[in-house]
Amino acid sequence: MYDIQRKITEYQLFSDEEVDVFVNSYLKNATPDIINSLLDKVVEKYEELAEDIKKIYKDLCNDYCKLYAFLSQLLPFEDTSLEKYYIFLRFLKKKFPITTTSLPTEILEQITADTIKIGKKSQGPIVLEKK
């Protein structure tokens, strides 16, 4: 987890102080406007990254959240920074723009209305037996 956390911080999109401010605001039931304004600064920096770097960064955030969610069920953590990063990244992930990828052309060429058409094999009444 520390390796993933280190890789995330290497991009310098946010600081530990920003994470602390966000988590403290969140835990004190800050309004959505305040929560979003804190995250929007990070998303602006994220948008400046190259497309391939954006994907790597997004994957790192997803990996961290999944790993923390799993391990926190098994182990008690002494380091509160791990929980803070989890809370911060969980909200940050939701703010990233959704990227859609199209299907490969090989698949698109193979799919036609005829290939997914349901054909009629028989026709007739359905008879139910009484018991």
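A salt bridge, as I use the term here, is a side-chain nitrogen of Lys or Arg within 4 Å of a carboxyl oxygen of Asp or Glu. With that cut-off, I looked up Glu 47 and Lys 54, whose side chains meet in a salt bridge at 3.2 Å, N to O.

**Ground rules.** I am working from a predicted model, in which local features need pLDDT of at least 70 and side-chain atom pairs count only at pLDDT 80 or more, while totals for chains, interfaces and linings use all residues. Residues are numbered from 1 along each chain as its sequence is written, and side-chain values use heavy atoms, with hydrogens and water left out.

**Overall layout.** I took helices (H or I, at least four residues) and strands (E, at least two) as DSSP runs, numbered from the N terminus. The protein has six helices and zero strands, which I read along the sequence as α-α-α-α-α-α. I called a residue buried under 20% relative accessible area, exposed over 50% and partly exposed in between (1.4 Å probe, protein chains only); of the 131 residues, 26% count as buried. Taking contact as heavy atoms within 4.5 Å, I found that 77% of the contacts between residues at least 6 apart in sequence join residues at least 24 apart.

**Salt bridges.** A search of the whole structure gave me seven salt bridges. For the pair I began with, I noted that Glu 47 is partly exposed, at 36% relative accessible area, whereas Lys 54 is buried, at 9%.

I then turned to Glu 10, which bridges to Arg 6 with the closest N and O atoms 2.8 Å apart. The two are separated by about one helical turn, because they stand four residues apart in helix α1 (residues 2-10). Arg 6 is partly exposed at 41%, and a network of salt bridges links Asp 3, Arg 6 and Glu 10.

Asp 20 and Lys 84 form another salt bridge, with 3.1 Å between the closest N and O atoms. This pair links distant parts of the chain, since Asp 20 sits in helix α2 (residues 16-27) and Lys 84 in helix α5 (residues 80-95), 64 residues apart. Asp 20 is partly exposed at 29% relative accessibility, and Lys 84 is partly exposed at 26%.

**Lys 58.** Which side chain of opposite charge is nearest to Lys 58? I counted Lys and Arg as positive and Asp and Glu as negative, leaving out His and the chain ends; the answer is Asp 59, 7.6 Å away, and Lys 58 is buried yet has no salt bridge. Lys 58 lies in helix α4 (residues 51-74), and, leaving aside its neighbours within four places in sequence, it is in contact with Tyr 46, Phe 96, Pro 97, Ile 98 and Thr 99.

**Nonpolar core.** I defined a nonpolar core as a set of buried Ala, Val, Leu, Ile, Met, Phe, Trp, Tyr and Cys residues joined through side-chain atoms within 4.5 Å. The largest one has 30 residues, of which Phe 14, Tyr 64, Leu 89 and Leu 92 touch the most other members. Helices α1, α2, α3 (32-47), α4 and α5 each supply at least two residues of this core, and the largest share, eight residues, comes from α5. Beyond its neighbours within four places in sequence, Leu 89 is in contact with Ile 8, Phe 14, Cys 61, Tyr 64 and Cys 65.
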